[in-house]
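The overall form comes after a starting definition, followed by notes on selected residues.

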Amino acid sequence: MEQALNWETFWWTTLGVFLTLSTFSFLYKDNPFYKFAEHLVVGVSAGYFVIILYYNGLRPNLLDHLFMSNTWTPRFDQLYYLLPLILGVLMWARFSKKWSWVSRYPIALYIGIATGIAIPLEMRNRVIQQVYGTVGQTGFDFAKPGFFGIPSGIWDVILVILVIASLVYFFFSKEHKGWFGGLAKLGIYTLMIGFGASFGYTVMARISLFIQRVQYIKSWWEMFT
């Protein structure tokens with residue numbers, strides 16, 4: 001039984017196909033269709049994030065503490081929330097040549113707080129967790145089969161050697177000669193393998209996006225068949 005065409009879905013899908021093809025048209029050269037799609041994405045993204053920031057940040061973290069819920073009736077029990085409001089307003093002084101110096105104080109406070117929060121998180125996620133993943137997860141179990149059927153303990157030894165070699169490459173207080181230079185060269189190869197895997201992963205992710213767009217256009221074309 002032939003299904004009735006949903007015109008609302010059709011027009012929105014057609015718009016998506018038009019914007020997809022307009023974006024792909026940049027592969028030929030810069031043109032008005034690509035400019036239109038580019039500006040539309042930037043404009044919609046900016047509007048979307050403004051709404052997200054309002055409902056997820058400004059309203060629950062500030063306005064709901066200064067005004068009654070769903071009304072603009074002031075609340076007087078949490079007036080200390082006026083301080084972040086004032087600091088936020090002072091940031092807008094950045095657009096004034098005369099008063100731009102005022103914005104330095106809230107920006108300095110913001111950067112200081114953000115740095116204090118970010119440094120422990122970065123140390124935990126990028127240093128401690130990486131060290132734990134390298135050292136803490138190695139069991140040196142030579143009875144347990146691992147990748148390619150080789151005992152996992154051997155892979156653990158290789159992992160530790162490659163990590164040390166990579167660190168040696170960045171040690172510039174000693175000239176890279178002899179066994180030290182050989183270890184540093186092994187570190188270069190390790191880094192190149194890592195960068196290559198990362199680049200390949202990125203390319204595959206982009207190809208997956210391209211395949212998804214082609215399938216989207218195919219689903220639009222099947223509306224006519």
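A residue counts as buried when its relative accessible area is under 20%, as exposed when that area is over 50%, and as partly exposed in between. Thr13, at 10% relative accessibility, therefore counts as buried. The model is predicted, and its chain has six helices and zero strands.

**Overall form**

- The order of elements along the sequence is α-α-α-α-α-α.
- The chain is more spread out than a compact globule, because its radius of gyration is 28 Å, well over the 17 Å that the globule rule gives for 225 residues.
- The C-alpha trace spans about 70 × 65 × 40 Å along the principal axes of the chain.
- Of the contacts between residues at least 6 apart in sequence, 22% join residues at least 24 apart.

**Surface and charge**

- Buried residues make up 15% of the 225 in the chain.
- The chain exposes about 18100 Å², and 71% of this area is supplied by carbon and sulfur atoms.
- There are 17 positive and 11 negative side chains, and the centres of these two sets are 13 Å apart.

- Thr13 has its place in helix H1.
- Not counting residues up to four places away in sequence, Thr13 touches Tyr216, Trp220 and Met223.
- Ser25 is in the loop between helix H1, which covers residues 7–24, and helix H2, which covers residues 32–66.
- The relative accessibility of Ser25 is 19%, and the limit for a buried residue is under 20%, so Ser25 counts as buried.
- Leaving aside neighbours within four places in sequence, Ser25 is in contact with Asn31, Phe33 and Tyr34.

**The loop between helices H3 and H4**

- Phe95 is found in the loop between helix H3 (82–91) and helix H4.
- Phe95 is exposed, since its relative accessible area is 69% and the cut-off for exposed is over 50%.
- Between Phe95 and Ala184 there are 89 residues of separation in sequence and 50 Å in space, taken from C-alpha to C-alpha.

**Helix H4**

- Asn125 belongs to helix H4, which covers residues 104–136.
- With a relative accessible area of 38%, Asn125 is partly exposed.
- A polar contact of 3.2 Å joins the side chain of Asn125 to the side chain of Arg124.
- Asn125 is 85 residues from Phe210 in sequence, and their C-alpha atoms are 31 Å apart in space.

**Helix H5**

- Leu162 belongs to helix H5, which covers residues 152–169.
- Leu162 has a relative accessible area of 27% and is partly exposed.
- Leu162 and Tyr189 are separated by 27 residues in sequence, and the distance between their C-alpha atoms is 9.1 Å.

Key:
Residues numbered from 1 in each chain as written. Predicted model: local features only at pLDDT ≥ 70, side-chain atom pairs only at ≥ 80, totals over all residues. Heavy atoms only, no water. Helix = DSSP H or I, 4+ residues; strand = E, 2+ residues; numbered from the N terminus. Rg over C-alpha atoms; globule rule 2.2 N^0.38 Å. Buried < 20%, exposed > 50% of the residue type's maximum accessible area, 1.4 Å probe, protein only. Contact = heavy atoms within 4.5 Å. Areas by Shrake-Rupley, 256 points an atom, 1.4 Å probe, with all protein chains shown as cover. Lys, Arg positive; Asp, Glu negative; His and termini not counted. Charge placed at Lys NZ, Arg CZ, Asp CG, Glu CD. Polar contact = N/O pair within 3.5 Å; in protein donor to acceptor, adjacent residues only side chain to side chain.
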